[in-house]
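Please read the points below with the sequence and the coordinates open beside them.

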Amino acid sequence: MRPFLFAAFVLGVAAAAAAQVEERVSTGALPAHAAGVFEEIAACHLSPTGSYLVFDRRAHAVFTFARGADTPQKIVQIGSETGRIIRPTAFDSAPDGTFVVADAPGDQRRLQFFTASGAALGGFTMAGRPVPLITMGNMTLSGLGSLKYTGRSILLSQPDTGALATEYGLNGAALRAFGELRTTGQEKDRAVHEALNLGQALPVPGGGYYFVFLSGLPMFRKYDAGGKLLFERHIEGVEVDPYVSQMPRTWPKRRTEEGEIPLVPSMIRTAEVDADGNLWVSLVAPFTYVYDSSGEKRHTIQFRAAGIMAPTSFFFTADGRVLVAPGCYVFRAR
């Protein structure tokens, strides 16, 4: 192919790829005076009554903001005692409005459950210390940082157990585990191998699960309700290509009380499943891929609020909207 024809071909491909990106503009947000109360909105959900539930990681707190209210109300305070949270890593809510927060009082891993009004329902601690496995910007993330709460159980990523996902009852009892660890080529370095198998286990409406790998080669798997593998897909596209091409082969390590921990960067920010069973994957780049139930990519979305957003949390509402953090912006989901 002649040089000028090849250049035209490359430009044409790039233009076609760019044209396929769908920009969605925010249709709503928290009022400015309310948003200014928060230090870091890490997750923004809606309770069954229509009130916002806001997880402020930096403030070590959970807030509620009711329709017509003047200011948000702090319903979970900072503290290491039961019913409070300290050094929180993750938050999720269930359709009934209850929610869970993972935190680390005294370096002990803890999960606590609350009503939609912030009253403590109980919780449990987990053995071992919260060893970070992957990095996401200036954050470190372990299996507790990728929890999913169904209202009846908790799904955690714990590759150190030999399975991708473990489901726990609300009393802390392990109910089952599923998913074989993927081959990474780093099996001789256990810490790196486990970091490259860390991910998010996500229930699918109607049954089954997705598992999205957060680091290493971007990919996801789908399992049936019994934990049997249905298919595996690579996450591919021009938006993720630069990150894959620059993916490290060696990783720096940080010395901790547990020994030297590898600092493995995340390739995926977050993922979630909507009411129709579509998988939404937020990339390190400010783009989101949407896959249908067969694993085919249907949309490449870029969210615009005050500027282009890189979502770190999705929450899908019953009326076809999606709440996106950071911040608490509203977009159409369909």
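1. Ring pairs join W280, F303, F314, F316 and F331 into a cluster, where rings of Phe, Tyr and Trp (its six-membered ring) are taken to pair if their centres lie within 6.5 Å. The structure holds 19 aromatic pairs. In the pair formed by F113 and F124, the ring centres are 6.2 Å apart and the planes meet at 40°, so this pair is tilted, given that planes under 30 degrees apart count as stacked, over 60 as edge-to-face and the rest as tilted. The pair links distant parts of the chain, with F113 in strand β9 (residues 109–114) and F124 in strand β10 (residues 120–126), 11 residues apart. F113 counts as buried because its relative accessibility is 4%, and F124 counts as buried at 9%; buried means under 20% relative accessible area, exposed over 50%, and partly exposed in between (1.4 Å probe, protein chains only).

2. On provenance, this is a predicted model, in which local features need pLDDT of at least 70 and side-chain atom pairs count only at pLDDT 80 or more, while totals for chains, interfaces and linings use all residues. Residues are numbered from 1 along each chain as its sequence is written, and side-chain values use heavy atoms, with hydrogens and water left out.

3. As for the overall make-up, the protein chain has 4 helices and 31 strands, these being DSSP runs numbered from the N terminus (helices H or I, at least four residues; strands E, at least two). Of the 334 residues in the protein chain, 51% are buried. The protein chain exposes about 15200 Å², of which carbon and sulfur atoms supply 53%, with accessible areas taken from the Shrake-Rupley method with a 1.4 Å probe. Among contacts in the protein chain with a separation of 6 or more, 44% are between residues 24 or more positions apart, a contact meaning heavy atoms within 4.5 Å.

4. The second largest pocket holds about 850 Å³ of space, and of the 35 residues that line this pocket, the closest to its centre are S93, P95, K148, V273 and F316. A pocket here is an open set of points on a 1 Å grid over the protein atoms alone, with protein on both sides within 12 Å along at least five of seven lines, and lining residues have an atom within 4 Å of a point. Several strands supply at least two lining residues each, including β3 (41–46), β14 (153–157) and β24 (268–273), whereas β29 gives the most, with 3 residues. The lining divides into 16 nonpolar, 8 polar and 11 charged residues, where Ala, Val, Leu, Ile, Met, Phe, Trp, Tyr, Cys and Pro count as nonpolar, Asp, Glu, Lys and Arg as charged, and the others, Gly among them, as polar.

5. How many cavities of 30 Å³ or more are there? The count comes to 1, a cavity being a set of grid points where a 1.4 Å probe fits but cannot get out. The largest cavity has about 70 Å³ of space, this volume being the space filled by probe spheres set on the points, which are joined across faces, edges and corners. Its lining consists of D274, A275, D276, F316, T317, G320, R321, A333 and R334, and by class these are 3 nonpolar, 2 polar and 4 charged residues.

6. Some backbone features deserve a check. Most residues other than glycine have a negative phi, and most peptide bonds are trans. A cis peptide bond joins A325 and P326, with omega about 10°, and P326 lies in the loop between β30 (321–325) and β31 (329–332). H60, which is not a glycine, has a positive phi of about 55° and sits in the loop between β4 (52–56) and β5 (61–65). R87 likewise has a positive phi, near 50°; R87 is in the loop between β6 (73–76) and β7, and counts as partly exposed because its relative accessibility is 40%.

7. T300, in strand β27 (residues 297–304), counts as buried at 10% relative accessibility and, leaving aside residues up to four places away in sequence, touches Q20, V21, E22, E239, F287, T288 and Y289. G68 lies in the loop between β5 and β6 and counts as exposed at 78% relative accessibility.
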